[in-house]
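Please read it alongside the coordinates.

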Amino acid sequence: MRSGSAVDVALDEKVVRQYLRAFETSGTAALAQLLRSDIEYEMPPIPTWFLGRAAVVDHLRRRAFARPHRSLATSANGCPAVATYSLAPDGSFVPHGIHVLEIRDGLIARIVVFLDGGLFPSFGLPTSLPGSATP
């Protein structure tokens, strides 16, 4: 269980920034360094889930990193989260998913991805990002 101290919050923010950057740059090596060896990854309601660093990195490399993304830091249910946007045919980036991160001891222990772009307004997130500007 997280203690909620200022040190933990700062560490969580650092991990979120690194995750966001790794996700946007398809940085599998950088991503792997952020994950616990026993990480759990799920995407409800899809019944597929992944267990372990190698399985999660392989999934993201094959599926999520196959196309350009942009990301914004947010939070959900008291946990740090990352909102991801996928490249649309018009060159803009549209809502893709909310990645809720559970961080333990400075590493990501669990990622729950909600693939529902309709959730973005409830988080106060933009419904699109321009293709040329950096968030």
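Helices (H or I, at least four residues) and strands (E, at least two) are DSSP runs, numbered from the N terminus. This is a predicted model, in which local features need pLDDT of at least 70, side-chain atom pairs count only at pLDDT 80 or more, and totals for chains, interfaces and linings use all residues. Residues are numbered from 1 along each chain as its sequence is written, and side-chain values use heavy atoms, with hydrogens and water left out.

**Backbone exceptions**

Most residues other than glycine have a negative phi, and most peptide bonds are trans. Exposure is by relative accessible area: buried is under 20%, exposed over 50%, partly exposed in between (1.4 Å probe, protein chains only).

The peptide bond from Pro44 to Pro45 is cis, with omega near 5 degrees. Pro45 sits in the loop between strand 1 (35-43) and strand 2 (46-51).

**Ring contacts**

Rings of Phe, Tyr and Trp (its six-membered ring) pair if their centres lie within 6.5 Å; planes under 30 degrees apart count as stacked, over 60 as edge-to-face and the rest as tilted. That rule gives four aromatic pairs. One of them joins Phe23 and Phe65, edge-to-face, at 5.4 Å centre to centre and 75 degrees between the planes. Phe23 belongs to helix 1 (residues 6-24) and Phe65 to the loop between helix 3 (53-62) and strand 3 (69-76), so the pair ties together parts 42 residues apart in sequence. Both Phe23 and Phe65 are buried. With Tyr19, they form one aromatic cluster.

Arg70 makes a charge contact. Its charged end sits over the ring of Phe93, 5.2 Å from the centre. The criterion is NZ of Lys or CZ of Arg within 6 Å of the ring centre and within 35 degrees of the ring normal.

**Largest pocket**

On a 1 Å grid over the protein atoms alone, a pocket is an open set of points where a 1.4 Å probe fits, with protein on both sides within 12 Å along at least five of seven lines; lining residues have an atom within 4 Å of a point. Points are joined across faces, edges and corners, and a volume is the space filled by probe spheres set on them. The largest pocket has a volume of about 180 Å³. Its lining includes Tyr41, His59, Arg63, His96 and His99.
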